Amino acid sequence: MLAAARRLGARSLTQSPAPPTHTGLPATCAHARSLATSSSPSALAPHQEMHGFVVEDIRTVGELKLQAIRLRHQKTGASWLHISRDDRNNVFSIGFNTSVEDSTGLPHILEHTTLCGSKKYPVRDPFFKMLNRSMATFMNAWTAHDYTQYPFATQNAEDYANLQNVYLDSVFNPLLREVDFRQEGWRLECTEGTWGFKGVVYNEMKGAFSDPAALYATRAEQHLFAGSTYQYVSGGDPKHIPDLTHEQLVDFHRTRYHPSNARIYSYGSLPLEPQLERVARVLAPYTHIAPPALPPMDVEPQGERSVTELGPVDSAGSAPDKQTRFSVSYLANDLRNVYDTFALRVYSSLLLDGTAAPMHKALIDSHIGSDYSANTGYSPYTRRTSLAVGLQGMAENDVPLVEKRIRETFLHVHDHGFEPRRVEAALAAVELAYKHRTADFGLALMKSLTTGWFHGVDPVDYLRVSDHVARLRADTAQGSLFQELTARYFLDSRHTLRYTMLPDPEYSRRLDAQEREAVERKVAALTPEQLKEVDEKNARLAAEQTQGAEDLSVLPTLTLADVLPEADRCAIDMAVAGSAPPVPVQWRTTATNGISYFRAINDVRDKYPELRPYLPLFCDALTYLGTQTRDMAEIETDIRLHTGGISFAPFVTTDLANLRHIEAGVSFSSHCLDTHVARMYELMMELLRDTDFNNVKRLRALVAAQASAMFNDVAGSGHAYARRLAASTLSPEAHAQEAFAGLAQVKFITELARLQDLAPVVEKLRHVQSVVFNKLAVRAA
C-alpha cells in the first residue's frame, strides 16, 4: 500500500483570502459528507477562582464550535485565553511583549539563548532533544514585531504536560550563559589569522538581508514607521547585532519574561483545570510588577515622503535594466479597531488578489514589472496597520508610470467600488475558511489573534467572524464602505511613503567592506589581554560544542504506557465511479462542519520523464491562463463564490513496502459547502479540460513571475534547496522532489523565462494536459 501522498507546495500568483487552496475533479467522483459536531461547554463561570486564576469572561462562538474562556492570574496579572473545542490536537503557548528600541536583535537572540537549557532541564536545545521523547505535532518559537512566542501542539495528554513543563522552565528559568549568548548571538573569532563576526542569529540575519525582496520589504517598513519601534528590526540588523552585550540580554529577560508581561494560550479538548494547577505552581514565586515602558508605537503623520536607496542585484532575476523595485505605502487604521482591520483585510484582497483585482489588471497585466513588490498587501502586524502597493522587476524610468497607475486605480475604486459579485465571493471565502477544519486549526487561530491581544484587544473579538461578515455585508449594501475606506486611508492619506530601491552591482562588495571595517573597529578597541580572553572564550565554546553526549535523563519522556495501544482508525469505503474505465474512489463519511472535501491524484511516474519539469508550471497555468471561452478573472470569482479554492500541485510518494517504487504526478484538491459540490466539480473540469495554453502573453507573465519568486525563495531558503539537492541521489522520491521544487526546477524555469519563443513550451503543456486527463491513472477520495 502506498503511503499518503506528500504534496509539494503549489505556487500561485494570487493571494487568496481563503485558506491554503486545495483541488478536485469530475462530477463522477465522490466526496466526504458532513455530520454535525459539538463541544461540551465548560463548567466554569465568570468571576470564579481556580488555582489562583480568576475567570474574566466566557463566550461561546457557535460557528466555530468553541468556547473561549479569558482568565487572569490574580497574583501576577498574567493573562490566559483558553479555547475549549472538540479537537485532539491540543495547543499551548506562552508569549511576552518584547518591543524593541534598537536593531540589535535582542528579543531574537534571547529567544535562541532561552532554548539553550534551563535550571530544571540543563541540556542544549531541549526542543530538539524532545523530538524522540515526545509525540508533538508542532514545536517552535518565533520573534515578531512586538512579541516573542513559544507554542507547541500534541494529541497526547501526558506529552502535553511534559512539554508544558519544559516550555515554562525554559522561558522563566533559562540558564542564559555567556557561552550560549556567544554561540547564538554574535562573537569575535579569529580564523587563520583573520578576525570576523560569527553567531547563529548574526549569520541568519545576514542571509535574510542578502535576499533583495526581504531587504526591500524591511527597509520600506522602517521608513514608513520612522519615529516608532517599527523603525527597528526586531530580528536584528547585522550592522547593529554586534552592539548587543550579554548583560543587556540578561536584563531584558528579567523585565520582559515575567508573568506580568505574559500572554498564555491553550486550545483543544484537554480539561483546563490540570493546566491551571501546573502553571500556577510555576508562577507561585512571582509577584506583580509594573509592565516595562514600551517604546513609541504610533507614528506622527508626515505627509508624503519619497525615499530612494541602493540595493543588491538579482543575479538570476530580471534583466539588468529591469531590477528596480518601487512601492507606495499608506498608514492605515489603528489595529485595535477590530472591525476596521477586518474590513481592510477584505478590501486588500479585493484590490490586489487574483487576476480580477483592479491592481492586478493595472500593474501585473500591463507587464510593466515581473510581480508585485515584496511588501505589497495589507499588514495588520503593527499598532497602526499599513497597506502597500508596488512592483519589482521593472525599469527605473517606469517609476512615474507605476505611481500614476496606482493612483488611477484607487480613484477608480473610489468612484465605482468593487464588483458586488467579487465582494460576495470574498466574504464567502472568509466564512468557509472558518468552517474549514484543519489539523492546525488551533495554531492558526492563535496566530490570527496574537498581535491584537498584545496590543490590548480582547482576543475573543477576533473570533466573532460571522458578526463582522454580517456587518460588512450591511455596510456595503446600505452605503459605499469601500469607497469611504479608499478616500480616508489612500486618496487623502496623511502619511504616505514612495520607496524606490535601485540595483547596485557594488552593493554586496560595499556591504562586505563595511563589515570588515566594523570588525577592525571592534578588534582595535580591545587590549592584547582582552583579545587573549576572547580567544580563550572561543576555545571553551568550541570544546563545549564538541563535548560528549549530555545527560538527557533529566528531560521527561513518554513511555508505552502513555500511548494508546491502537491508533484511531478511519472507516473508508472503497468504490469506483464512472465507466470506461472506472475511477477508484475512497469514501470517508465523518464530521466536517458542513464541508465536503475532494482530492485526486494522477500518477504519471516515469512514463513521460521529459514532462516532469513542466508539472509545476502546468499546475500554476491551470489557475492563471483562463480558458478559451472565459478569462481567469471571471472563473476566479466563481471559484471563490463556490469553493474554498482549487489547486493543482505536483506530488510524489513512496511505497512503504518498496522504497525504490514511487508514484509521482499531479494532485487535484478542493473543498466546498455540501450544497456547492456539483459546481466545484464543474469548475475543476473546466480548468482541466479547457485551459487555453495558447494565451502566450499571460503564459510569459506567469513564467517570469515564477522565475522571480523561485530566485527570491532560494535566497531565503538556500539550506532547503541544498538539502533537497544532496538527497536527490539517495531515493527516487528525493530525485522527483528535486525536479519539482529544487535547484533543477529553478534552473529550468529560469531558462524558460529567457526564451523568446514559447511555442515548444505550449506543446509540452498540452502534452501534460492529455496525460493528466487520462482516467487510467487517476484515483480519487
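Visitor: How much space lies in the second largest pocket?

Guide: About 970 Å³ of space lies in the second largest pocket. The model is predicted, so local features need pLDDT of at least 70 and side-chain atom pairs count only at pLDDT 80 or more, while totals for chains, interfaces and linings use all residues. Residues are numbered from 1 along each chain as its sequence is written, and side-chain values use heavy atoms, leaving out hydrogens and water. A pocket here is an open set of points on a 1 Å grid over the protein atoms alone, where a 1.4 Å probe fits, with protein on both sides within 12 Å along at least five of seven lines; its volume is the space filled by probe spheres set on the points.

The lining of the second largest pocket (residues with an atom within 4 Å of a point) consists of 37 residues. Nearest the centre lie His145, Ala214, Ala217, Thr218 and Glu221. By class, the lining has 19 nonpolar, 15 polar and 3 charged residues. At least two lining residues each come from helix H5 (200-209), helix H6 (212-224), strand E16 (377-379) and strand E17 (384-394); helices (at least four residues) and strands (at least two) are DSSP runs. H6 gives the most, with 8 residues.

Next come the salt bridges, defined by a side-chain nitrogen of Lys or Arg within 4 Å of a carboxyl oxygen of Asp or Glu. The whole structure holds 41 salt bridges. One of them joins Arg59 to Asp461, with the closest N and O atoms 3.5 Å apart. This pair links distant parts of the chain, 402 residues apart: Arg59 sits in strand E3 (residues 53-61), and Asp461 in the loop between helix H13 (441-454) and helix H14 (465-478). Arg59 has a relative accessible area of 26% and is therefore partly exposed (buried is under 20%, exposed over 50%, partly exposed in between, with a 1.4 Å probe and protein chains only). Both Arg59 and Asp461 belong to a network of salt bridges that also includes Glu56, Asp57, Arg70, Arg72, Asp458, Arg464 and Asp467.

Asp180 and Arg124 meet in another salt bridge, at 2.4 Å from N to O. Asp180 lies in helix H4 (residues 178-184) and Arg124 in the loop between helix H1 (106-114) and H2, so the pair ties together parts that are 56 residues apart in sequence. Asp180 is buried, with a relative accessible area of 1%, and Arg124 counts as buried at 15%.

The salt bridge between Glu304 and Arg498 is 3.0 Å, N to O. Glu304 is in strand E13 (residues 303-311) and Arg498 in strand E18 (residues 495-503), so this pair ties together parts 194 residues apart in sequence. Glu304 counts as exposed at 56% relative accessibility, whereas Arg498 is buried at 19%.

Finally, Ser134 lies in the loop between helix H2 (126-129) and strand E7 (136-139). Because its relative accessibility is 13%, Ser134 counts as buried. Not counting residues up to four places away in sequence, Ser134 touches Asp159, Leu163 and Leu558, where contact means heavy atoms within 4.5 Å.

How values were computed. Nonpolar A, V, L, I, M, F, W, Y, C, P; charged D, E, K, R; others polar.
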